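Here is a short briefing on one structure for a reader who has not seen it before.

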Amino acid sequence: MWVMEGHSVISPDVLARYAADAAAEVPGVQPRQRRGARVSGSEVEVHVVIDYGANIPEVAAQVQQHVMDYLARMADMRPAVVNVVVDDVQRN
């Protein structure tokens, strides 16, 4: 049996894709209109398009929480801040 010690490093680009995927799962976010994300240190910035008529502050808060939970689960990363940028509001 081999025991390996050390650590893994996940690139910021992969973490950003995880964050964008997580944001697209939130109700009220248009998953086909992905705008991307950026990770810098422990700060995450996610760009989204929100459904017309959705409560933007509520959807943004859900995106923040879901991105934090998703990154913790998938990459053992706990961002200090998740900024949500609403790029557009569109009808379905």
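Arg38 and Glu45 form a salt bridge, their closest N and O atoms being 3.4 Å apart; the term stands for a side-chain nitrogen of Lys or Arg within 4 Å of a carboxyl oxygen of Asp or Glu. The model is predicted: local features need pLDDT of at least 70, side-chain atom pairs count only at pLDDT 80 or more, and totals for chains, interfaces and linings use all residues. Residues are numbered from 1 along each chain as its sequence is written, and side-chain values use heavy atoms, with hydrogens and water left out.

**Salt bridges**
- By this rule there are 3 salt bridges.
- Arg38 is partly exposed, at 43% relative accessible area (buried is under 20%, exposed over 50%, partly exposed in between; 1.4 Å probe, protein chains only).
- Arg34 and Asp21 meet through their side chains in another salt bridge (2.6 Å, N to O).
- Arg34 lies in the loop between H1 and strand S1 (37-40) and Asp21 in helix H1, so the pair ties together parts 13 residues apart in sequence. Helices (H or I, at least four residues) and strands (E, at least two) are DSSP runs, numbered from the N terminus.
- Asp76 forms a salt bridge with Arg78, with the closest N and O atoms 2.6 Å apart; Asp76 and Arg78 are exposed.

**Helix H2**
- The buried residues of H2 are Val59, Ala60, Val63, Val67, Tyr70, Leu71 and Ala75.
- Seen down the axis of H2, these buried residues fall within an arc of 95° (taken from the directions from the helix axis to the C-beta atoms), so they line one face of the helix.
- On the other side of H2, Pro57 and Arg73 are exposed.
- Asp76, whose phi is positive, near 55°, follows H2.
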